[in-house]
Amino acid sequence: MTFPCASDILGVKVTWDVTVTSVWASSVAYEFDPRSGLIVRDGVVSAFYGEYSGAKTVRCNDIPEAVLVPLNEETTYACQAQYEGEDFSAPQRVTATTKGPGLSD
């Protein structure tokens, strides 16, 4: 059985397809797949600092607080890192994945 499930994340409605894979006694196993990707500005900045540890500053273009985007496709949103005494890095495009934001070269 598969059914949709919606949640509100920072004012954005995210829809998931939930599939019940097994039921045994009082235990239910399920899988879920998002219908679209979700970019959350604070998550992107956090991921960027994690990827570029030691960066003095991170700047991103106009990423909304939260926005739906196609899953696993590069978006127009991007961030740059700056290290002490250096210029900002080349922009890194953001991709929404099922494991969080991805950054491309």
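The model is predicted: local features need pLDDT of at least 70 and side-chain atom pairs count only at pLDDT 80 or more, while totals for chains, interfaces and linings use all residues. Residues are numbered from 1 along each chain as its sequence is written, and side-chain values use heavy atoms, with hydrogens and water left out.

Of the 105 residues of the chain, 29% count as buried (under 20% relative accessible area, with a 1.4 Å probe and protein chains only).

## Fold and overall form

The chain contains nine strands and one helix (DSSP runs: E of at least two residues for strands, H or I of at least four for helices). Their order along the sequence is β-β-β-β-α-β-β-β-β-β. The radius of gyration is 17 Å, well over the 13 Å that the globule rule gives for 105 residues, so the chain is more spread out than a compact globule. This radius is taken over C-alpha atoms, and the rule is 2.2 Å times the number of residues to the power 0.38. Along the principal axes, the C-alpha atoms fill a box of roughly 60 × 25 × 20 Å.

## Tyr77

Tyr77 lies in strand β7, which covers residues 74-82. Tyr77 counts as buried because its relative accessibility is 14%. Leaving out residues up to four places away in sequence, Tyr77 touches several others, including Asn61, Pro64, Val69 and Arg93 (heavy atoms within 4.5 Å). Arg93 is 16 residues from Tyr77 in sequence, and their C-alpha atoms are 5.8 Å apart.

Note on methods: Buried means under 20% relative accessible area, exposed over 50%, partly exposed in between (1.4 Å probe, protein chains only).
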